[in-house]
Amino acid sequence: MNKRIYYGLYGLIVILLVLPFVVPNNFYLDLAVRMAINAIIVIGLNLLIGFAGQISLGHAGFLGIGAYASAVLPMHFGWHPVTAMLTGALASALLAALVAKPIFKLKGHYLAMATLGLGIIINIALRNEAQWTGGPDGMPVLPMALFGFEIGSDRQWYWVVAALLVLTVWGSLNLIDSPFGRALRALHGSEVASQVVGVNVARYKVSIFVLSAFSASIMGSISAHYIGFISPNFADFFHSIELVTMVVIGGMASVYGSIVGAVLLTALPQALATFEGWETVAFGAILMLCMIFMPRGLVPTLAARFSKGDDK
Amino acid sequence: MLAEFLQFLFSGITVGATYALAALGFTLIYNASHVINFAQGEFIMLGGMLAVLFAQMGLPLPAVLLLAVLVPAVVGVLVEKLAIEPVKGAETVTLIIITIGASLVIRGLVQVWLGKNTFSLPAFSGDEPIHVLGATLLPQSLWVLGITALVVVALWYFFNRTLQGKAMLATSVNRLAAELVGINTSWVLFMSFAMSAALGALGGILITPITMTSYDVGIMLGLKGFVAAVVGGLGNGLGAVVGGLLVGILEAMGAGYISSAYKDAIPFVLILLILFFMPRGLFGGKSTDRV
């Protein structure tokens, strides 16, 4: 394996270790936690979009399943938060497998359509089943407790999420370099060619989709516990789009790009808050400009510029 | 019993006609460029909102119709010229994000300009309902269906009987071959965005007297139009029309007989079922890949 790819990981660890000691106040720590949560989701989604070449326009639906499993099961049924989180993740994975199996035999935009539909159905159900979910107003989420130790403060959450981010990056880098990852890249290049050399195209696509749904669901649970409150907006179409945008702006098929995309797009609404009323226009314009001038995303475009002709 | 059924059927067909126009818009752009234009819904919204605006200015109905179709068409062309053409050949996801960016810009501008209120437009020829076998039919529904039917016939004529239409079809089948026989494919792209925006806007204007409009109606209408296009088999014009009507009718039936709270979920349940059991849509042909 190209050892240089790990330099980024070491850099990330250093930044994550130093960050909580240099941020001026809790506002920025909170922002950092949300950036890290998004980064983990986006890395999972990027495995699907960037490496396997498939689009999910309903990923917020899986976030929603995880978040609401963590909210509803402990609140109404007295489940332990960890059991609730895992149940949510398993349900998401199962649903993903169920939806993906027939669809991955098709090519083109059909997964986009199916995931979009799935996400919207989940969102509408969350809004309508008010006796469980609190409807459009949302519901509070009980705190997460591990081994009798309650994770409460922003700082504690920061360390949990930072550790998860490092694990995710390390895991993804290894996954990409494994036979599994090579198969994924091959089928993005040419499905027919990879089939000819014996790659079971449909199975690989289903596995990566299920994996990304599982990871999104876990992060949905963690967000819910972290924020302590959850509403259906968390699972809506716009949130799904935001996640895909993070993947594309950061750079497809780039793990570090996913982090950059997540960091930028989590910070952007804060920066745009000063535009009062023009936020939507500004957000849309920035999306378009990024894509027009850097269609491959920030990190791959910059990497190509700095290494001129170097192969990575 | 029959009256109730007819009532749902009428409202379903009326809304379905709007979905059909939106689905035709998706189909046109998809055929010309393989882009799924997520800004399609915003053209529906733009048509309705502009019609309200021009009507309030006191313009006569034909002028309102014409302007509220032309302006979105120009916006569609601008989106194509400024945002789609510069990135020709980019990955599908990139193009999807660009159209989503465009839709946010359009929606945001309308929100800043006209506000977040809900607007309505007076019906074209009065609100006196027509009674049919115990059900009522609004005259506006007849306008919606009549104009949609005219548009469909005109499109059929355009694509089957005119050189320009055939050039567009040829480009959708094979862009390179079309270029080789001298078809100006960037003109085709230009025309598809103009036509598709105009179709969406027309649907938006026609339905506004019945459903009202506001800056954010485009998202759902657009997504349902996309569902309709896929139901009929993406890229198939007849499929788009049938898909639109089918989605509209099933939605109205589901809202009436099953649950009105889940009305918006029905098109999406339908599309999942169709993808599972008829993966190419109702009218999609078998496709073979050349390697």
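Is the crossing of helix 3 of chain A and helix 5 of chain A left-handed or right-handed? The crossing is left-handed. Keep in mind that this is a predicted model.

**Two helices crossing in chain A**

- Helix 3 covers residues 59–77 of chain A and helix 5 covers residues 110–128; their axes come within 8 Å and cross at roughly 35 degrees.
- On the helix 3 side, the contact is made by A:Ala60, A:Gly61, A:Gly64, A:Ile65 and A:Tyr68.
- Helix 5 of chain A answers with A:Leu118, A:Gly119, A:Ile122, A:Asn123 and A:Leu126.
- Sorted by class, the residues of this contact are six nonpolar, four polar and no charged.

**Where chain A meets chain B**

- Between the two chains, 36 residues of chain A are in contact with 39 residues of chain B.
- Four helices of chain A each supply at least two residues to the side that touches chain B: helix 4 (81–103), helix 5, helix 11 (237–250) and helix 13 (279–293).
- Helix 5 of chain A gives the most to this side, with 10 residues.
- The side of chain A that touches chain B has 28 nonpolar, seven polar and one charged residues.

**Chain B as a whole**

- You can find 11 helices and two strands in chain B.
- Starting at the N terminus, its elements follow the order α-α-α-α-β-β-α-α-α-α-α-α-α.
- Chain B has a radius of gyration of 19 Å, which agrees with the value near 19 Å for a compact globule of 291 residues.
- Along the principal axes, the C-alpha atoms of chain B fill a box of roughly 60 × 45 × 35 Å.
- Of the 291 residues in chain B, 51% are buried.
- Taking contacts in chain B between residues at least 6 apart in sequence, 77% join residues at least 24 apart.

**A closer look at helix 5 of chain B**

- This helix runs over residues 139–161, which is 23 residues.
- From first C-alpha to last, helix 5 of chain B reaches 32 Å, close to the 33 Å expected at 1.5 Å a residue.
- Its buried residues are B:Gln140, B:Ser141, B:Trp143, B:Val144, B:Thr148 and B:Val151.
- Among the elements of chain B that cover these buried residues are helix 1 (2–33), strand 2 (135–137) and helix 8 (185–211).

Technical notes
Residues are numbered from 1 along each chain as its sequence is written. Chains are lettered from A and ligands numbered from 1 in the order in which they are written. This is a predicted model: local features need pLDDT of at least 70, side-chain atom pairs count only at pLDDT 80 or more; totals for chains, interfaces and linings use all residues. The expected span of a helix is 1.5 Å times one less than its number of residues. A residue is buried if 20 or more other C-beta atoms lie within 10 Å of its own, exposed if 12 or fewer, and partly exposed in between; C-beta atoms are placed from the backbone. Two residues are in contact if their C-beta atoms, placed from the backbone, lie within 7 Å. Axes are lines fitted to C-alpha atoms, for helices over the stretch in contact, and angles run from 0 to 180 degrees between N-to-C directions. A crossing is left-handed if the near helix is turned anticlockwise from the far one by less than a right angle, and right-handed if clockwise. Ala, Val, Leu, Ile, Met, Phe, Trp, Tyr, Cys and Pro count as nonpolar, Asp, Glu, Lys and Arg as charged, and the others, Gly among them, as polar. The radius of gyration is taken over C-alpha atoms; the globule rule is 2.2 Å times the number of residues to the power 0.38.
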